[in-house]
Amino acid sequence: MAYNLLKGKRGIITGALDPNSIAWKVAEKVFEEGGQFVLTNAPLAMRMGKINELAAACNTQVIPADATSIEDLTVLFNSAQEILGGKIDFILHSIGMSPNIRKSKPYEDLNYDWFAKTLDISALSFHKIMHVADKTDALNEGASIVALSYIASQRVFPDYTDMAQAKAVLESIARSFGQVLGKKKKVRVNTISQSPTMTTAGQGIDGFDAFFTYADKMSPLGNASAEACADYCISLFSDLTRHVTMQNLFHDGGFSSTGISEAIVEALTPKA
Ligand SMILES: NC(=O)c1ccc[n+]([C@@H]2O[C@H](COP(=O)([O-])OP(=O)(O)OC[C@H]3O[C@@H](n4cnc5c(N)ncnc54)[C@H](O)[C@@H]3O)[C@@H](O)[C@H]2O)c1
């Protein structure tokens, strides 16, 4: 059911690669809620993914941009405002990639050049996006900026390796930039800490199926789906959450507050 919550709002949605991507679901929901937006992704990903199909379905355009490049981001913000006909009201940062995870490097033996790449792509890109938006005065008063995080920023999950540090930096950037942009233009900046979700990035992590099932069994509400995450993003982009900022918001069915669940106790109790 749509409520027209984003009518008249203009935005930029990063990270839609294929229909499993969280950003893909967000784009579909924003469209349903009456928001206008441009899509963007890394030039390489655009060749592999299906983003043009999404653009056609949402009556919009794709602007290629490597989120680590200030030059690309400057073009992105200029073109987005030109296409949409005004300043930006919402931004979704839905970008993550670790070469160390891709190449199955164990945490105690990371390649440091790749580690720097992980941080640049998955965390500093969030800073760069807000830096360019601020420098080019591309944001409307009261705009809302959301990035997607994961609880491994705060607790240890094997095989998430250097992405754990990237998410910790991402969440910290939301607080620091939230203060700057809040004072300047009442812009909100938050991260959503999302349940494990079956996407290309998620499934790239060794043992992902097991920790997806574990999180589902731990959470009283079960894992939050990509669609549910998209609904939460809509609420944060809307005018209904004007005073929510500088937060890391758990969207995880209760996982982060659970010590152990009956389902896990049952699974670990030896059968008589
Ligand atoms: N899937 C999960 O379990 C899960 C859980 C919590 C948080 N998240 C986060 O959600 C976000 C979206 O991931 P997803 O799970 O939808 O997977 P996904 O693979 O569909 O999305 C990741 C996106 O990042 C893009 N990207 C990579 N390098 C880039 C670059 N240099 N410039 C621009 N874009 C680039 C990819 O092309 C891709 O579209 C990520 O930040 C991820 O860490 C995912």
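Two strands pair if DSSP finds at least two bridges between them. The strands themselves (E, at least two residues) and the helices (H or I, at least four residues) are DSSP runs, numbered from the N terminus. What you're looking at is a predicted model, where local features need pLDDT of at least 70, side-chain atom pairs count only at pLDDT 80 or more, and totals for chains, interfaces and linings use all residues. Residues are numbered from 1 along each chain as its sequence is written.

**View 1. An open sheet of 6 strands.**
Trace the strands in the order β2-β1-β3-β4-β5-β6, and you'll find the pairing is parallel. At the edges sit β2 (36-40) and β6 (248-251), each pairing on one side only. On average, neighbouring strands here are turned by 20° against each other, direction ignored. Angles like these run from 0 to 180 degrees between N-to-C directions, with axes taken as lines fitted to C-alpha atoms, for helices over the stretch in contact.

**View 2. Strand β1 and its partners on either side.**
How many bridges join β1 to β2? There are 5, and the two strands run parallel. Look for I13, which stands opposite L39 in β2. With β3, strand β1 (residues 10-14) pairs over 3 bridges, in the parallel sense. Here G11 faces F90 of β3.

A residue is buried if 20 or more other C-beta atoms lie within 10 Å of its own, exposed if 12 or fewer, and partly exposed in between, with C-beta atoms placed from the backbone. By that count β3 (residues 88-93) is mostly covered, with 6 of its 6 residues buried. β4 is mostly covered too, with 8 of its 11 residues buried. The two strands run parallel and are joined by 5 bridges. To find the pairing by eye, spot I88 opposite L139 in β4, then H93 with its bridge partner A147. On to the next strand: 6 bridges join β4 to β5, again parallel, and V146 stands opposite N190 in β5.

**View 3. Two helices lying on the sheet.**
Two residues are in contact if their C-beta atoms, placed from the backbone, lie within 7 Å. Helix α4 (residues 70-84) lies across β1, β2 and β3, and runs at about 145° to β2. Helix α7 (residues 161-185) packs on the sheet as well, touching β4, β5 (188-194) and β6, with its direction at about 155° to that of β5.

α1 is mostly covered: 8 of its 11 residues are buried. Among them are W24, K25 and V26. Just after the helix, G34 takes a positive phi of about 90°. A nonpolar core is a set of buried Ala, Val, Leu, Ile, Met, Phe, Trp, Tyr and Cys residues joined through C-beta atoms within 7 Å. Which residues touch the most other members of the largest one? Out of its 69 residues, the answer is I13, A16, V26, A27 and C233. Leaving aside residues up to four places away in sequence, V26 touches I13, L92, A230 and C233.

A residue is near a molecule if its C-beta atom, placed from the backbone, lies within 6 Å of it. There are 27 residues around the ligand, and S21, A45, G96, A201 and G202 come nearest. The elements giving two or more residues to the shell are α1 (22-32), β4 (139-149) and α8 (200-203). The largest share, 3 residues, comes from α8. Ala, Val, Leu, Ile, Met, Phe, Trp, Tyr, Cys and Pro count as nonpolar, Asp, Glu, Lys and Arg as charged, and the others, Gly among them, as polar. On that basis the shell divides into 13 nonpolar, 13 polar and 1 charged.

Is P270 buried or exposed? P270 counts as exposed, because it has 4 C-beta neighbours inside 10 Å. From C-alpha to C-alpha, P270 and D206 are 27 Å apart in space, and 64 residues apart in sequence.
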